[in-house]
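This briefing is for a reader who is new to the structure shown below. Please keep the sequence and the model in view while reading.

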Protein chains: 2
Amino acid sequence: MKDLIDLIHNANSIAIVTHTSADGDALGSSFGLAFALDALDKKVSVFLEEPVPKMLSFLPGQHFISEYRGERYDLCMCLDTSDMKRLGKCADIYSSANKKITIDHHTTNNMQADGLWIDERASATGEMIYKLVKALNVDITREIAINLYTAIITDTGGFRYSNTTPESHIITADLLSKDIPFADIVKKVFDTVSYSKMFLLKKTLQNLALYFDGKVAVSYLLYEDIKTADAQTDDFEGLVNVGRNLEGVEVSLFLREEQSGVFKGSLRANEYVDVAQIASIFSGGGHKRAAGFSVEGGLDESVGKILAEIEKVL
Amino acid sequence: MKDLIDLIHNANSIAIVTHTSADGDALGSSFGLAFALDALDKKVSVFLEEPVPKMLSFLPGQHFISEYRGERYDLCMCLDTSDMKRLGKCADIYSSANKKITIDHHTTNNMQADGLWIDERASATGEMIYKLVKALNVDITREIAINLYTAIITDTGGFRYSNTTPESHIITADLLSKDIPFADIVKKVFDTVSYSKMFLLKKTLQNLALYFDGKVAVSYLLYEDIKTADAQTDDFEGLVNVGRNLEGVEVSLFLREEQSGVFKGSLRANEYVDVAQIASIFSGGGHKRAAGFSVEGGLDESVGKILAEIEKVL
C-alpha cells in the first residue's frame with residue numbers, strides 16, 4: 001500500500017481507467033477514487049469505453065469523465081481489470097502514462113504496473129478502494145460512500161454470493177453511516193427489468209416443463225423469440241434459475257437457440273448432481289453445480305439427449 | 001438489559017414463545033436464544049403454534065421444540081411479538097409463567113412483562129438476541145450464528161430494506177466469521193419458489209399491460225386462476241412489483257379477484273405519484289408509494305375507473 005500512496009502523492013495528473021462494459025464495481029470504484037483524488041487536489045480524469053448504463057446513471061462523479069485526446073498522464077490507475085485487452089481503447093492511456101497502478105480482486109491478473117495491488121479475497125474492487133481512501137487520509141464522503149456501496153453490492157449480489165466476507169459487511173456498516181439512500185440504490189441496481197428481459201422471462205415460464213417427478217426443470221427460448229425481444233446478453237442472465245428455484249427441482253436445464261438449430265445450454269444443480277460432468281458429455285464444462293455447453297439439432301431431440309444423461313445421475 | 005440478565009439467571013425452566021405464522025426472524029431468534037440458554041444449563045423449551053415451514057427446516061435447534069402440557073415455567077420469554085393475540089395458544093404459557101420477558105423490535109408493543117425490552121431501531125429481533133447472548137457471556141456458536149443470520153436477512157430482505165442499519169452489518173460480519181453457509185441460507189430463504197407462486201407469476205406476466213406511454217403497468221389474477229393455483233397469501237407477495245420493476249414504469253396496479261367480482265387492489269409508485277391518495281378514492285389507504293384498496297365490479301370496468309384516477313396525477 002505504501003508504494004501506491006507514494007505514487008499517488010508524486011503525481012499531479014491522474015487518469016483512472018477500467019474494463020469495457022463497466023459494471024457497478026468498475027464504475028463505483030472509479031468515481032469513488034476520483035472523488036478522493038480530487039480531495040487531494042489532483043487533476044483527475046476517468047476514461048470509459050462506453051457511456052454509463054442508464055441503470056447506474058445515479059452514481060455521483062460523472063463530471064470526472066473525460067474524452068481522451070492523447071495526453072500523457074503522470075499516473076494512470078487501472079481498476080478491476082485483469083488484462084490489457086479488457087481496457088479496450090483505454091489501453092493507450094495506461095501504456096503511455098509515466099507511472100502505472102493496477103488495483104484488482106480477480107484471481108488471475110496479467111497487468112504490468114509500478115504499483116500492483118491484487119487482493120483476491122476482496123469481494124469487490126470497491127472494498128480495496130475503500131481501504132486506499134482511508135490510507136490516503138481522505139474522508140469517506142456521502143458521494144464516495146454511494147459509489148463504493150454500489151461497487152460492493154454489484155459484486156456480492158447484495159451480500160448473497162459466497163465471495164462476501166465479514167470485511168464486506170464491516171466496510172458497508174461504515175458506508176451506511178454516511179446516510180446514503182441504500183434502499184433506493186439496491187432497487188436501481190437489482191430491480192429494474194428491461195422490456196426484453198420481461199418478455200424472455202414470460203416465455204421461459206411458459207415453456208417450463210418438469211420431468212422425473214419434478215426433479216428436473218427444462219425451459220428454452222427459440223431464436224424467433226430472442227429476435228422479437230431484441231435481447232442483450234445480460235437479458236438472459238438468471239433465466240436458468242427460474243427452473244432451479246422451483247421447489248423440489250434438483251437440475252435445471254435452460255436452452256437458448258443462438259442460431260437456427262444451435263442451442264446454448266445452461267445447467268444448474270441444487271444439491272448433489274454434478275452438472276459439469278453432464279456438460280462435458282456435450283463438450284462443455286463448468287463447475288459442479290453450474291455448467292454450460294452447446295448442442296446442434298432440433299429442440300426435442302436435443303432435450304431428449306440431455307435428459308437421458310441427467311436421468312443416469314439423478 | 002441488566003434486569004433481563006437477572007431474570008434469566010434466576011430461572012431454571014425457561015419457555016420461549018413467539019408469534020403465530022412464525023417467520024425467519026421469529027424462529028431464528030427463538031432457536032438462537034434456546035442454544036444460548038442451553039449453554040447456561042437452563043431447561044429450555046420452544047413452543048410454536050405451527051410446524052416449522054419447509055423453507056426454514058434447515059434451522060438448527062428444532063430439538064428444543066416441545067408440546068405444551070400445562071406446565072408452569074419459571075420464566076417465559078416472548079420474542080418478536082407485539083400483542084398477546086399474536087401468541088395464539090402459546091398465550092397461556094406466557095400468562096401462567098412465574099416471570100415474563102418480552103423482547104421485540106416492533107414500534108407498538110402492548111405486552112406486559114417483568115422485563116420489557118423494545119428497540120424499534122433494531123432491524124430484526126435477531127439483532128437484539130445477538131446482543132443479549134453477548135451480554136450473557138455465551139459464545140456465538142455456529143448454530144446460533146445460522147439462526148441469527150436467518151433472522152436478520154428475513155427482516156431486512158437481505159440488507160435491502162430501509163430498516164437495515166450499520167449495526168445490522170456489524171453484527172452480520174461477526175456471524176459470518178463463524179463460518180456459516182450464508183450463501184446457501186440466502187438461497188433457501190429467498191430463492192425457493194412454490195408451484196403456486198410460479199403459476200401466479202406466469203399469469204401475472206401474461207396479463208401485464210402498459211398504459212400512458214409505459215408509465216403505468218396493470219396486471220391481475222382472476223379468481224379461477226387463484227383457485228387453480230391453490231395459492232396461499234404469501235404466494236401473492238411481490239406480484240405488484242413485476243410491473244413496478246419494469247423500466248419506465250411509475251405506477252403499478254395489481255388486482256386479484258378474491259371472490260367473483262370483488263378485487264383486492266395493490267398500487268406501487270416508483271418516484272413521484274402519491275398512490276395512497278388514489279387508494280383513498282376507493283376507500284383504501286397506505287403509504288405514498290405503496291397502498292391498497294378493494295373494488296367491486298367487472299375487471300375492465302374497475303381497471304378503467306382506477307386508470308382514470310391515475311391519469312390525473314401522472
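Two residues are in contact if their C-beta atoms, placed from the backbone, lie within 7 Å. The model is predicted, so local features need pLDDT of at least 70 and side-chain atom pairs count only at pLDDT 80 or more, while totals for chains, interfaces and linings use all residues. Residues are numbered from 1 along each chain as its sequence is written, and chains are lettered from A and ligands numbered from 1 in the order in which they are written.

**Core and the surroundings of Val275(B)**

- The largest nonpolar core has 65 residues, and Val251(A), Val275(A), Val251(B) and Val275(B) touch the most other members.
- Such a core is a set of buried Ala, Val, Leu, Ile, Met, Phe, Trp, Tyr and Cys residues joined through C-beta atoms within 7 Å.
- A residue is buried if 20 or more other C-beta atoms lie within 10 Å of its own, exposed if 12 or fewer, and partly exposed in between.
- Beyond four places in sequence, the contacts of Val275(B) are Val251(B), Leu267(B), Arg268(B), Ala269(B), Lys288(B), Arg289(B), Ala290(B) and Ala291(B).

**Two residues of chain B**

- Lys288(B) sits in the loop between strand E10 (285-286) and strand E11 (290-296) of chain B; strands (E, at least two residues) and helices (H or I, at least four) are DSSP runs, numbered from the N terminus.
- Lys288(B) counts as exposed because it has 12 C-beta neighbours inside 10 Å.
- Leaving aside neighbours within four places in sequence, Lys288(B) is in contact with Asp274(B), Val275(B) and Ala276(B).
- Leu221(B) belongs to strand E7 (residues 216-221) of chain B, and counts as buried because it has 24 C-beta neighbours inside 10 Å.
- With neighbours within four places in sequence left aside, the contacts of Leu221(B) are Leu200(B), Lys203(B), Thr204(B), Ile226(B), Arg256(B) and Glu257(B).

**Parallel sheet of chain A**

- Chain A has an open sheet of 5 strands in the order E2-E1-E3-E4-E5, with parallel pairing; two strands pair if DSSP finds at least two bridges between them.
- At the edges are strand E2 (43-47) and strand E5 (115-118) of chain A, each of which pairs on one side only.
- Strand E1 (residues 13-18) of chain A runs parallel to E2(A), and 5 bridges join them.
- Ala15(A) has Ser45(A) as its bridge partner in E2(A).

**Helix H1 of chain A**

- Helix H1 (residues 2-9) of chain A has Leu4(A), Leu7(A) and Ile8(A) as its buried residues.
- Seen down the axis of H1(A), these buried residues fall within an arc of 100°, so they line one face of the helix; the arc is that of the directions from the helix axis to the C-beta atoms.
- Lys2(A) and His9(A) are exposed on the other side of H1(A).
- Strand E3 (75-79), strand E4 (99-104), E5 and helix H4 (125-135) of chain A are what the buried residues of H1(A) pack against.

**Strands E7, E8 and E9 of chain A**

- Strand E7 (residues 216-221) and strand E8 (residues 251-259) of chain A pair in the parallel sense over 6 bridges.
- Tyr220(A) has Leu255(A) as its bridge partner in E8(A), and Leu255(A) has Gly265(A) as its partner in E9(A).
- E8(A) and strand E9 (residues 262-269) of chain A run antiparallel, joined by 8 bridges.
- The hairpin of E8(A) and E9(A) has 2 residues between the strands, and Gly261(A) takes a positive phi near 80° there.

**Contact between the chains**

- 28 residues of chain A are in contact with 28 residues of chain B.
- Helix H6 (166-176), helix H7 (182-191) and helix H8 (195-206) of chain A each give two or more residues to the side of chain A that touches chain B.
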